[in-house]
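These are my notebook entries on one model, kept in the order in which I looked things up. I began with the sheets, then turned to single residues.

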Amino acid sequence: MNETSAARAAARWPLAPAGETDWLRELTDDDGLTGFMPPGLPDAAWVLHSMYEHELGPTDTPYLAYQRAVLNGGEPEILPGLDPADVFTGTVGEHPGPRWRRLRWAELSRRTGDPVAPEGRLPCHRSFPSLRESGGWPVGISGPSEGRLYRADWNRLVDMLTEHSAQGPDTRCLAYYNPLLQGAEDFDNLHVRAGTLADAAALYDHPGEDGWTPSNLWAQDRSWVLCTDYDLWATKVAGSTALVEALLDDMEIEALRLPWAT
């Protein structure tokens, strides 16, 4: 955690009234248990959470089998050229290390023949069924994060929201964290913070949020809203067509439209 960023987030993202989410309840007809999933406003795109591939590429060994072998005292290099530290160390949400590269969903889709998103479904743990085994994905591929964005994706998304907001970095916005991110202890008093886009990158280090990105972030004028559902591998961004087109064309973020989920 970046201590300077954490201090900034703590100071500039105070708690806000739970009632700030009332419009999302009405808009989505949902209780927000895993996040309020908005419709297109008038358009929407899905930002796919990053995944990474080790420089050795994928192996034939499932993650859990490799983990058991390491814990049982296997050789230092159970898989030649792969240091267990490359697999098991690192911080959730951060780039996994120098021997890893970004693996785009489109590339993995071409390789496996699995669609990026099967028709009628959302990106989640059921994606890429040809890789899915009881022991997890193969060692050598670090799958997408569930219910949170990687820091790099979050920062880029904040930049793009800033570019497409009338007040730019001064845009007032609110962040909602669903109860599952808060230990599933309070389902009545929804957890909301208020701040500006200028300080949104710092939210990643907020000392009260345990590394989670918000379930929902929205502009106070309701011109856009994003949802990172607790159970999904992608973040929905609903807003203007100009914002959506910018996300689709961006070279850093990987995004797509899902016609059945706009």
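I took two strands as paired if DSSP finds at least two bridges between them, and I took helices (H or I, at least four residues) and strands (E, at least two) as DSSP runs, numbered from the N terminus. The model is predicted, so I noted that local features need pLDDT of at least 70 and side-chain atom pairs count only at pLDDT 80 or more, while totals for chains, interfaces and linings use all residues. Residues are numbered from 1 along each chain as its sequence is written, and side-chain values use heavy atoms, with hydrogens and water left out.

**Entry: the sheet of 8 strands**

I looked up the strand order and found an open sheet of 8 strands, E1-E7-E6-E8-E9-E10-E2-E11, with antiparallel pairing. Strand E1 (15–16) and strand E11 (255–256) stand at its edges, and because each has a single partner strand, one side of each is left without a neighbour in the sheet. At the E1 end, 2 bridges join E1 to E7 in the antiparallel sense, and there I found Ala16 opposite Val192 in E7.

I then followed strand E6 (residues 172–177), which pairs antiparallel with strand E7 (residues 191–196) over 6 bridges and antiparallel with strand E8 (residues 216–219) over 4 bridges. Tyr177 stands opposite His191 in E7, whereas Leu174 has Trp218 in E8 as its bridge partner.

Why did I write that E6 is largely enclosed by the rest of the structure? I did so because 5 of the 6 residues of E6 are buried, where buried means under 20% relative accessible area, exposed over 50%, and partly exposed in between (1.4 Å probe, protein chains only).

**Entry: the sheet of 3 strands**

I found another open sheet, in which 3 strands follow the order E4-E3-E5 with antiparallel pairing. Strand E4 (100–103) and strand E5 (141–142) stand at the edges with a single partner strand each, so one side of each has no neighbour in the sheet. Strand E3 (residues 51–54) and E5 are joined over 2 bridges in the antiparallel sense, and Tyr52 stands opposite Ser142 in E5.

I also noted helix H5 (residues 105–112), which lies across E3, E4 and E5 and runs at about 80 degrees to E4. For that angle, axes are lines fitted to C-alpha atoms, for helices over the stretch in contact (heavy atoms within 4.5 Å), and angles run from 0 to 180 degrees between N-to-C directions.

**Entry: backbone points in the loops**

Which residues does a cis peptide bond join? I found the bond between Leu41 and Pro42, with omega of about 5 degrees, and Pro42 is in the loop between helix H2 (22–28) and strand E2 (43–48).

Phe128 has a phi of about 55 degrees although it is not a glycine; Phe128 is in the loop between H5 and E5, and I recorded it as buried, with a relative accessible area of 1%. Ala184, also not a glycine, has a positive phi near 50 degrees and is placed in the loop between E6 and E7, but Ala184 is partly exposed, with a relative accessible area of 34%.

Last, I checked Phe88, which I found in helix H4 (residues 84–88). Phe88 is partly exposed, with a relative accessible area of 31%.
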